[in-house]
Amino acid sequence: MRRNLLHMMNAQLVTWVMAMVLSVVVPRYLGPSTVGQFRLATALWLLGRILVAAGTTRFLQLEIARFGRQELRLVGPVILVRTATFVVVAAALGLYAVASDQGRVFEVLMIIVAIDSLFYVWMEAMSTAFVGLERMATPATVNAIVRICVTITTLVVIVLNGSVYAIGAASGVGFMLGLIILVRRLRPLTPIVSRNDVVHTREVMAGSLPFMFSGAALVLYQQIDIVVISWTASDAAIGWYATADSLFGSLLFPATVLTATIFPTLGRMSNDDPEGLRRIVQRAFTSLVLLAVPIGLGTVLVAPSFAPLLYGDDFDETGVVLAILGPVIILTFGTILFGTLAQATGRVRLWTFVLFGSALLTIPLDLALVPWAEERYSNGAIGGALAYLLTESIQFLIGLVVIARFIATRSLSSRVVRILAAGGVMFLAGWPLRQSFVLIPAAVCAIVYAACLFVFRVVTEDERAMLQSITGRLGIGRRGPRQAP
């Protein structure tokens, strides 16, 4: 498990750096209004991808993790299901693009992102097979290669003064490259396409249905505010929210990496070793809190000056939105873990109801808060961020009380309180420096937080060993001794 986590973390660091480069360069090049249209097209197709995948990602991971290599026979049927559902979803989104009357640019972007999405869902199906085998090196490496390819292609387009259409097509180039690599890696293990694929599609669709609803609920919840803001605010407000949301999403990578790594293990242990599963989840929760607190509170401190530094004066309001999303980061680290646990232990329907409820609640909250923020602050995106904070708080409480009640032990609660205290001291130390160049408060906060963790005796020996392993891989420290996960 530790080896898989290191593979995923190393690849995610590359992915995060590449994403940060694009999150800075692309908005500056396109401007708020065009970014808003691009982000809306992407948001709609993120919803579309969930419907296209039809829940097959989690289903395939769990089947392979529980029953082994023989279940690789399901890769072909999964690709067949995704291709069929893509045709249906593309037709529905095409009709929406025409009916919404957003303009020619938006319609063309929808077509380009649709093609990108087809390559992506094929690529992801093959990557999922390796995740189920708990062989994370292959998907981690491919994801890093894809992100580097997309970044380089996008930068070349910008240097050549290309259009937003060419920027949109850059993702498709990367996904196509990743698809080629995965086909070559998977062929020695299993036939990717066979005559029996059609026979097994019913099995795949029946087993994937609960996960499809869960995935659709999650993306609907994450993207519905973009759509509602587009109804009630300006294109600039959509752009401000989109850029803040992009930075927000990039800061969640520790949680996504950790939960993606442990998901197959949790699925395998849910029936065989429930006590071991609880220990893994407890350790994962405290590790995520340890990371989430400085990231979330640090975002509150530096966001107002950091966003315009990245994007220019046109994106001053992005910083305000990102600062509001700072506390949401802390909550989302927890809800990502709770959702993963629910899917791995057969409670996917319960978490789906929570996500759908959150998405439905987002609509009236956005309809009330976005116009209010637009009128009061001339920035409707603030209302969207406040709605997100409210719904994420509700999700976190439900997950803590219903999905993972065993987390609330006395020793774990004491440790979380000490972490929050360290974060509070860090925040107070960084507050007077919040208007300084971003590296100054960041450095002070990092030093203060690390010192408080030492004084409050928060970090365990196992976490120190993990940190030494990671820094050793990165070449900035000695590699720690290997220990059992």
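**Helix packing**

Start with helix 11 (residues 274-311) and helix 16 (residues 439-455), whose axes come within 11 Å and cross at roughly 150°. That angle makes helix 11 roughly antiparallel to helix 16. Before I go on, the ground rules: this is a predicted model, where local features need pLDDT of at least 70 and side-chain atom pairs count only at pLDDT 80 or more, while totals for chains, interfaces and linings use all residues. Residues are numbered from 1 along each chain as its sequence is written, and side-chain values use heavy atoms, with hydrogens and water left out.

Some terms for this part. Helices (H or I, at least four residues) and strands (E, at least two) are DSSP runs, numbered from the N terminus. Axes are lines fitted to C-alpha atoms, for helices over the stretch in contact, and angles run from 0 to 180 degrees between N-to-C directions. Angles under 35 degrees count as roughly parallel, over 145 as roughly antiparallel, 65 to 115 as roughly perpendicular and the rest as oblique.

Which residues meet here, in helix 11 and in helix 16? On helix 11 they are Val289, Leu290, Val293, Pro294, Leu301 and Val302, and on helix 16 they are Pro441, Cys445, Tyr449 and Leu453. Contact means heavy atoms within 4.5 Å.

The second pair is helix 9 (residues 235-250) with helix 14 (residues 381-403), packed at an angle of about 40° with axes 8 Å apart. These two helices are therefore oblique to each other. Helix 9 contributes Ala237, Trp240, Tyr241, Asp245 and Phe248 to the contact, and helix 14 contributes Ala381, Gly384, Ala385 and Tyr388.

**Aromatic rings**

Rings of Phe, Tyr and Trp (its six-membered ring) pair if their centres lie within 6.5 Å; planes under 30 degrees apart count as stacked, over 60 as edge-to-face and the rest as tilted.

How many aromatic pairs are there in the whole structure? The search finds nine. One of them is phenylalanine 119 with tryptophan 122, an edge-to-face pair at 6.3 Å centre to centre and 65° between the planes. Both residues lie in helix 5 (residues 104-132), three residues apart, about one turn of the helix. Tryptophan 122 is partly exposed, at a relative accessible area of 23%; buried means under 20%, exposed over 50%, and partly exposed in between (1.4 Å probe, protein chains only).

Tryptophan 372 and tyrosine 377 have ring centres 5.6 Å apart and planes at 85°, so this pair is edge-to-face. Tryptophan 372 is partly exposed at 39%, and tyrosine 377 is partly exposed at 41%.

Two arginines sit over rings. Arginine 58 lies over the face of phenylalanine 263, at 3.8 Å from the ring centre. Arginine 434 lies over the face of tryptophan 431, at 3.8 Å from the ring centre. The criterion is NZ of Lys or CZ of Arg within 6 Å of the ring centre and within 35 degrees of the ring normal.

**Single residues**

Glutamine 37 lies in helix 2 (residues 32-53). Is glutamine 37 buried or exposed? At 18% relative accessibility, glutamine 37 counts as buried. Leaving aside neighbours within four places in sequence, glutamine 37 is in contact with Gln102, Val105, Phe106 and Leu109. Glycine 103 is 66 residues from glutamine 37 in sequence and 9.4 Å away in space, C-alpha to C-alpha.

Serine 127, in helix 5, is buried with a relative accessible area of 11%. With neighbours up to four places away set aside, serine 127 is in contact with Pro139 and Leu182.

Arginine 66 lies in helix 3 (residues 56-67) and is partly exposed at 37%. Not counting residues up to four places away in sequence, arginine 66 touches Gly267, Ser270 and Ala344.

Last, backbone. Most residues other than glycine have a negative phi. Asparagine 161 has a positive phi of about 60°; this asparagine is in the loop between helix 6 (137-159) and helix 7 (164-186), and is exposed at 60%. Serine 378 also has a positive phi of about 60°, in the loop between helix 13 (348-377) and helix 14.
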